Amino acid sequence: MENFTFQNTTKIIFGKDTEKEVGEHTAEHGYKVLLHYGGGSIKKYGTYDKVVKSLEKAGVDYVELGGVEANPKLSLVKEGIELAREEKVDFILAVGGGSVIDSAKAIAVGYFYDGDVWDFFTREAEINEALPIGVVLTIPAAGSESSGAAVVTKMEGMYKRDIGSDLIRPQFAIMNPELTFTLPDYQTACGAADIMAHIMERYFTNTENVELTDRLSESALKTIIKNVPQALENNEDYAARAEIMWTGTIAHNNLLGTGREEDWSSHGIEHELSGIYDVAHGAGLAVVFLAWMNYVYQHDLERFAQFAVRVWDVEPDFKDLEWTARQGIKKTKEFFSSIGLPVTLEELEIPADRLEEMAEKATENGPIGNFVKLGKEDVLKIYKSALK
């Protein structure tokens, strides 16, 4: 196990009707708020009205900016920065899923910066201050509700890039599983793949003697595997939805990565897919992670065999470790397919004509990943293997 520092300051308010408490939690941090959200779903299903009523009851003034899309766009972030400055807000409240939260985080760091907020995503600027953020979570997937990371897409050049800092970790996250009852099945499934990917980016490591976080990761994966089909069968299964929502937070709040080297090449490879083709991030991850597994599993057959046995309950063949390892990959593919996710680029309707461009962009700053270092040609091979 490696040395580590772990601190997560996000206050989690979890359970039924907790969105009605958002005003009092917001008032602890600010009295002029940018209320940030996505399309019309929070208004259609009543979440918007509950949030606004709670803010008004607590005496919190607010201005609104909706319109966040999946794979949040830099253009709206810049609009949000201008609005926040004009209105002199002192807090941002994100109501939605990871895209809304990530957009809010980008606005938060851009608020105090005189230059282009994209400078933070290209590492030309360092995050030294940010507006505080609060969250009402409606989509369990990205884990952004308690992470210090955010991802935004710049349409010019079609770049999807990330930032990271403890300064953009939300002050609080209100999490009511009931708010996820209305999610379309495909969005629930994409969220599951995103959660699993966050866990697996940490699980596949070269670090030895990390038994506790191995077991925690395996338990989190098994929780998703068990509960997602139940939620898809009954959208209002509160118990299943609660397990999924809490696992999504644990998957990306840094706990599972303590003391171990993490990988993150699959996310880098997928970002090029969603940056150019605007596919759902979780769907892209389902495709990419399978291709990545097949490309790197021989690097550590024992870890992949452990994954197969502990996560998928594969009966091990002690004489054929490779067979055991491959069974875990096979079971992962079958699970993704069973919940309605694509497992090839063809199913995502992504053609082969820009694979080299994506491989080039994914590795423009050098090899990616840690479990196995991947250069441009490696990434290109992974893309090609994912075609069909």
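This note sets out points on the predicted model shown above.

1. Basis. The model is predicted; local features need pLDDT of at least 70 and side-chain atom pairs count only at pLDDT 80 or more, while totals for chains, interfaces and linings use all residues. Residues are numbered from 1 along each chain as its sequence is written, and side-chain values use heavy atoms, with hydrogens and water left out.

2. Helices (H or I, at least four residues) and strands (E, at least two) are DSSP runs, numbered from the N terminus.

3. Helix H13. Residues 321-338 form helix H13, whose 18 residues reach 26 Å from first to last C-alpha, close to the 26 Å expected at 1.5 Å a residue; the expected span is 1.5 Å times one less than the number of residues. Its buried residues include Thr 324, Ile 329 and Phe 336. Buried means under 20% relative accessible area, exposed over 50%, and partly exposed in between (1.4 Å probe, protein chains only). Helices H7 (185-203), H8 (211-233), H11 (281-296) and H12 (301-312) are among the elements that cover the buried residues of H13. Just after H13, Gly 340 takes a positive phi of about 90 degrees.

4. Salt bridges. The structure holds 22 salt bridges, each defined as a side-chain nitrogen of Lys or Arg within 4 Å of a carboxyl oxygen of Asp or Glu. Glu 211 pairs with Arg 310, with the closest N and O atoms 3.7 Å apart. Glu 211 lies in helix H8 and Arg 310 in helix H12, so this pair ties together parts 99 residues apart in sequence. Both are partly exposed, Glu 211 at 40% relative accessibility and Arg 310 at 23%.

5. A buried pair. Arg 260 and Asp 214 form a salt bridge with their closest N and O atoms 2.8 Å apart. Arg 260 lies in the loop between helix H9 (238-251) and helix H10 (265-277), and Asp 214 lies in helix H8, 46 residues apart. Arg 260 counts as buried because its relative accessibility is 4%, and Asp 214 counts as buried at 3%. Elsewhere, salt bridges that share partners join Arg 161, Glu 272, Lys 361 and Glu 364 into one network.

Definitions and conventions: Contact means heavy atoms within 4.5 Å.
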